[in-house]
Amino acid sequence: MKKLSHELPDIRSHKRFQLWKLLSSIGALLLLIFSLVNLADQNYRLGGMLLAFSLVILLIFLTYRRSDNSGRAMTSLNIIIIFFCLYLLISGGRDNTGILWIYPVLITTLSVNVFRSAAITGGTLVLISTLLLFTPLSDFITAEYSQTTATRFIVTLTLLYIISLIGLHYEQQAYRTIQAMHNQDLHKLAYYDGLTGLPNRNSFKRKLARIVPRTHSKHQYLGLLYIDLDNFHTVNDLYGHQTGDQLLVTFAESLQHTVRTRDLVAKGDGEGESESGNLARLAGDEFVVLLSDLKHPADAAAIAQRILMQFDGGFEAGGLVHPIHASIGIAVSQNESG
């Protein structure tokens, strides 16, 4: 169950890692092309820096492409992206259009991050950019920006950052909802019978392991009814498995109703389970009823008799009366106070 519950997060992480590898390879290729173009134009400083960034991204890609540590790979790339964007801001890029490339680079980077790392990466870039443009640190900037251009850049960058975080937040909320539903489905598959909706053998064994020590510690009787439907296979042979399934569903519903009365059925075990939690379908036509807090062993026999009364004259299901009966085995634990 624990292994299955990690299936969805692993798939999500794998998809993000695959997207990271794709974007890293494309980014390294584009930077390499831009660097060669600038070097051909004798813009050696910009061309050299773009070439350096492309080689570093390629190195990160080659280092982590076969690794399972997608978090470290993404962190390394985030740091490089921050330095790359700051370099474009400081140098102005080609023809002073460097800040225009920062927008798509930031959005693309944030899209492959989880919310927390995206918030740190984008927030760091916005903060440092603001300090570089509006504080004495602007002396480090070699490009020329007017006050209007600088203000427009920071406002736009901040808005893109906020919009990206909002999108990641709702994506994360949707993922958590899907994961919760996924885990619920896995739990149902693992511990509940798909036909009748009753707990299955695994669920019953877990409940029995919890309730036996508790019952003994309180010096109470614990009863167990094992129910087997006689001639059930005849129904399948004569009317088909669909009719047989309908009979099992009808009996499961009738069984829940029969043992629901408070003076006859075991009370809940304090873990938020419904009364049907004391019932289980073990396999095929085999059912079990767990009775705790019994005042007397004879109470178990009374409940068994109540169940057998349902088969007087046959059992009706799907508009037909089927000639089946039930055999019930009864086991009652010894009251330690006796």
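Me: What makes Phe 251, Phe 287, Phe 311 and Phe 315 one aromatic cluster?
Reply: In this predicted model these four residues form one aromatic cluster, and the pairing rule behind it is that rings of Phe, Tyr and Trp (its six-membered ring) pair if their centres lie within 6.5 Å, with planes under 30 degrees apart counted as stacked, over 60 as edge-to-face and the rest as tilted. A search of the whole structure finds 8 aromatic pairs. Because the model is predicted, local features need pLDDT of at least 70 and side-chain atom pairs count only at pLDDT 80 or more, while totals for chains, interfaces and linings use all residues. Residues are numbered from 1 along each chain as its sequence is written, and side-chain values use heavy atoms, with hydrogens and water left out.

Me: Why is the pair of Phe 53 and Tyr 87 called tilted?
Reply: The ring centres of Phe 53 and Tyr 87 are 6.3 Å apart and their planes stand at 50°, so the pair is tilted. Phe 53 belongs to helix α3 (residues 44-64) and Tyr 87 to helix α4 (residues 70-91), 34 residues apart, and the pair thus links distant parts of the chain; helices (H or I, at least four residues) and strands (E, at least two) are DSSP runs, numbered from the N terminus.

Me: Why do Phe 53 and Tyr 87 count as buried?
Reply: Buried means under 20% relative accessible area, exposed over 50%, and partly exposed in between (1.4 Å probe, protein chains only). Phe 53 has a value of 9% and is therefore buried, and Tyr 87, with 13%, is buried too.

Me: How do you know that Phe 251 and Phe 287 are edge-to-face?
Reply: The two rings lie 5.0 Å centre to centre with 75° between the planes, and the pair is edge-to-face. Phe 251 sits in helix α10 (residues 241-258) and Phe 287 in strand β3 (residues 286-294), so the pair ties together parts that are 36 residues apart in sequence. Phe 251 has a relative accessible area of 0% and is buried, and Phe 287, at 0% relative accessibility, counts as buried as well.

Me: Why is His 169 called partly exposed?
Reply: The relative accessible area of His 169 is 35%, and the residue is therefore partly exposed. His 169 is found in helix α7, and its C-alpha atom is separated by 6.4 Å from that of Phe 115, 54 residues apart along the chain.

Me: What makes up the largest nonpolar core?
Reply: A nonpolar core is a set of buried Ala, Val, Leu, Ile, Met, Phe, Trp, Tyr and Cys residues joined through side-chain atoms within 4.5 Å. The largest one has 45 residues, of which Trp 20, Leu 89, Ile 102, Leu 133, Phe 153 and Leu 157 touch the most other members. Two or more residues each come from α2, α3, α4, α5, α6 (115-134) and α7 (147-191), and the largest share of this core, 12 residues, comes from α4. Apart from this core lies another, of 27 residues, among them Leu 198, Leu 247, Ala 252 and Phe 315.

Me: Which residues does Leu 133 touch, not counting residues up to four places away in sequence?
Reply: Leu 133 touches Leu 89, Ser 138, Ile 141, Tyr 145, Ala 150, Phe 153 and Ile 154, where contact means heavy atoms within 4.5 Å.
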